[in-house]
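Please look through the model below with its sequence alongside, and keep both in view while reading the paragraphs that come after it.

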Amino acid sequence: MHRAGVLCRLASPSRMASSMRVGMGSTRSTQSNLVSSSLSSPKSIRHQSSAAAAVKHEQFMNGSSSIYIEQMYESWQRDPSSVHSSWNAYFKNVEAGCGPGQAFQAPPLSSSGSIGQISVSPTRDVSPSSDAIHSVADHLKVQLLIRSYQTRGHNIADLDPLGINSADLDDTVPPELELSFYGLSDADLDRQFLLPPTTYIGGDEKILSLREIVNRLKSIYCNKTGIEYMHLTNFEQQEWIRKRFEAPKATELSHEQKKVLFKRLIRSTKFEEFLAKKWPSEKRFGLEGCEVLIPAIKQVIDSSSSLGVDSVVIGMPHRGRLNVLANVCRQPLSTILSQFSTLEPADEGSGDVKYHLGVCIERLNRQSQRNIKIAVVANPSHLEAVDPVVMGKVRAEAFYAGDNKHDRTMAILMHGDAAFSGQGVVMETFNLDDLPSYTTHGAIHLVVNNQIGFTTDPRFSRSSPYCTDVGRVVGCPIFHVNVDDPEAVMHVCSVASEWRKTFKRDVIVDLVCYRRQGHNELDEPMFTQPLMYQKIKATKPVLDIYQKHIIQEGVANEQYVKDELTKYGQILEDAYENAQKVTFVRNRDWLDSPWDDFFKKRDPLKIPSTGIEEEKMNHIIEKFSSVPEGFNLHRGLERTLKGRKQMQADDSVDWSIGEALAFGSLLTEGTHVRLSGQDVERGTFSHRHHVLHDQKEDLKVYNPLNDLAESQATYTVCNSSLSEYAVLGFELGYSMVDPNSLVIWEAQFGDFSNTAQCIIDQFISSGQSKWIRQSGLVMLLPHGYEGMGPEHSSARPERFLQMCNEDDTIDASKAAFGGTFEAQQLHDTNWIVANCTTPANIFHLLRRQVTMPFRKPCIVMTPKSLLRHPLARSPVSHFLSGSKFQRVIPENNISNPSNVQRVIFCTGKVYYDLVAARKHVGKENEVALARVEQLSPFPYDLVMEECTKYPQAELVWAQEEHKNMGGWTFVQPRFNSLLATCTQPGSGRVISYAGRLPSASPATGNKYTHYQEQKEMLSKTLDVPKSSLEGFKA
């Protein structure tokens, strides 16, 4: 480090200590290396220490001024004329070896008190005058004043179009924005000051009067735009933003741009007025009070399209959605208006309210003259829930397009002020920003800041100054803007688009607005916000304000305005007439992720075999059991890999191999597989090990399933952040893009999925019914009662079963079992719920997700102890061509069915406990065990086969879950309905329950109680005294 820089750093004991530490060997940065070099010898250290002792007593030195001097010094090194002559003299004297306190020369003062020219004399015996020190100190104060405006100017910006609130909930003026804070006064306003290199307010001018400096700073930072960017830790990013706001005339629009803005405001405003006139008693969640949102979105899209983006995915709440669909996406107006009519749907699905619907449209962007695809993702009323879904969809689109840096694919997320600060999923989604397997390289966030949440005042709905403060955590620049200045909004949106393109990071635009209606058009806001709504009633719409503005500026005349208003009014009337001719509505008009090509040439009632060739199986296991030469594998994993090969040789493979065979075979067939969740690379229970880590080289890993063949598809396996809500939503969005993929989310423990219940309830279980949106997403939920306590036992299968759309009654005498029955059930269900007990069955289940001619979510209760259970193995033959998923696995070890007294139906791990207990009590010929592997759709046909096989036997449903949990309440009515209408032998029977009693808690936390409950369940199931199970351990 050069001497002047070192002096700055040694101006305080703490800085000196820091520099000394750097000099002792730190190599963290170039700056540190330079300091280390300059302080490398004891003589140099003594010299600099004595200098520091003097410098720290200089009147102008403090922590902030030292930074300023460093910046000035760097600027002087590049160009001595870039700094004032007084600094030029100082730096030359320092370079010449002047001692501390001797490098200053008194600059001659003019009669006005401003600094005149100074001659440089590199002498060692020059003492600074008090006037010189005073002048330098004042320059430093002005530097701090400029920095304060850059940092805190937004706090006093004119952001509220109503003029009644401060956007940051604080009406005080920060003292550092007052001249008096720096010992300056109005008497100093006409003094000239050199501008520091960290501002662009001067343009080509390097010296401005204090009056002009303050005026320009207020115009930039305290007018209709508030800019938060000084929290960014990257100096290049700060400079980039400064240039785009501080440079003179940076925010000006051309006359043509102003006309485009005006026409967009006409569309946004008159669309809402038209709907209000035609349907005054309908909820539509209009945009009144923030009509500038439409021009804002279009400006973001225009700018981004010009910068290379060709696909935009939008997530937004209900407010303004119809306007966005009409004026951003250009969904035909007649299609939108027909949603207000009471018409019968012409296709499948239960549909959704009009302000929840999505769409996907590709059209020409007239400003950039490039085609662009715009998708608005359908979403429920659960605010912010759509955020991670959008991000997952964007990530997938970029992946399939090979757009690794997301240059062509982008997300726009819209938020309400109360939801943005109140909903935790916002932070969960932000936290995915920089994760390698989840990043979308920046989204643009538009906050419709109504300054109210339903009826709640922001002073009672958030603890932070701004509703956007969550963005500060992840380093987002935040631009607050008053919506009554549409030109400022356009500039901010252009800057946001350029920022995202340049730095590939999120950016937030806070549109400070108001809500002209209540929460909806039928709500009365005066009940709770009387003063605010009195002000709103007296506030002119932004269209009126801007119309007057462009006429006064001469951009347009009265006739131009009248013509444009008439033109759009006629468009609306024509659309209304066409809408009256519509006789039905089509839910498919609102698809946000269409898969038209996928369904062509596929028989919806044919489920192909899911087995694979033995040669392929051998190749996958060979790769899955080895590492490249020179890879330093953990010794424990060496045994694991050898064990995999041995299991194949023994014709008995475990769960990890079954799973790997499913993934590997799909990959070699060209199907992309993505597995995401907490700790999935290794697996919560250390069974998977799909990512192997070199034990001697950091970050060196090997993924054997990505090393199967040159032409294979990509296998993405990624540990997620500690989030369920956002990550599950992300994977759902990812699964919506390409049906020829297998997307899986695995919970660390099954019941952890309850923190993602919103995604499960509002999107996964009901998405196809509401929005005609199919998804093949798989959820793997570890489940099983093994004495691990209430929170690690149950994946809550009862919840998923309750949400199945299947009727719980059937007339077996009329049902057409066989043939296409299985395929029809799968086609009609909203999702699949399974609890597999063999490696082969999970293999087939996962492959069936891809081979089916349609897509359905699949919820799988996966094992924990069974991952290594010696009986939970499958022979090689169960994976080969011709084999398929077994919805029910029947009893195969009883030679004489007539001897069977009891048939026990069960699902999951409890089967292996029952097998062991049955053997322990010697009832292997009297009790048959049947496993229901697929609970929903319920396998009526196969259950019927098992029941008729044992016509005299008692039927029992056994489960380890409590009676009010698990599968009992789901299977009981189905069994009894089937048996009541059955014409086969053994009809008329009912099924009885054997298991734990009802409970509020999913499981006990006491080991002793667990074992006692388990024995009680086994004794009831096998109809034996509990004493007969003494010595037995499940």
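The following paragraphs move from the domains to one helix and then to the salt bridges.

This is a predicted model, and its domain assignment gives domain 1 (133–246), domain 2 (258–583), domain 3 (614–782 + 839–878) and domain 4 (888–1029). The C-alpha centres of domain 2 and domain 4 are 55 Å apart.

Helix 18 covers residues 486–503, and at 1.5 Å a residue its 18 residues should span 26 Å, which agrees with the 26 Å between its end C-alpha atoms. Because 15 of these 18 residues are buried, helix 18 is largely enclosed by the rest of the structure. After the helix comes Lys-504, whose phi is positive, near 55°. Glu-487 forms a salt bridge with Lys-258, at 3.9 Å from N to O; since Glu-487 lies in helix 18 and Lys-258 in helix 10 (residues 255–278), the pair ties together parts that are 229 residues apart in sequence. Both Glu-487 and Lys-258 are buried.

The structure holds 53 salt bridges, among them one between the side chains of Asp-138 and Arg-191, with an N to O distance of 2.7 Å. Asp-138 belongs to helix 7 (residues 130–152) and Arg-191 to the loop between helix 7 and strand 1 (192–194), so this pair ties together parts that are 53 residues apart in sequence. Asp-138 counts as buried because its relative accessibility is 2%, below the 20% cut-off, and Arg-191, at 13%, counts as buried too. Arg-191 also forms a salt bridge with Asp-188, where the closest N and O atoms are 3.1 Å apart, and Asp-188 is likewise buried.

Note on methods:
Residues are numbered from 1 along each chain as its sequence is written. This is a predicted model: local features need pLDDT of at least 70, side-chain atom pairs count only at pLDDT 80 or more; totals for chains, interfaces and linings use all residues. Side-chain values use heavy atoms; hydrogens and water are left out. Helices (H or I, at least four residues) and strands (E, at least two) are DSSP runs, numbered from the N terminus. The expected span of a helix is 1.5 Å times one less than its number of residues. Buried means under 20% relative accessible area, exposed over 50%, partly exposed in between (1.4 Å probe, protein chains only). Domain bounds come from an automatic or database domain assignment. A salt bridge is a side-chain nitrogen of Lys or Arg within 4 Å of a carboxyl oxygen of Asp or Glu.
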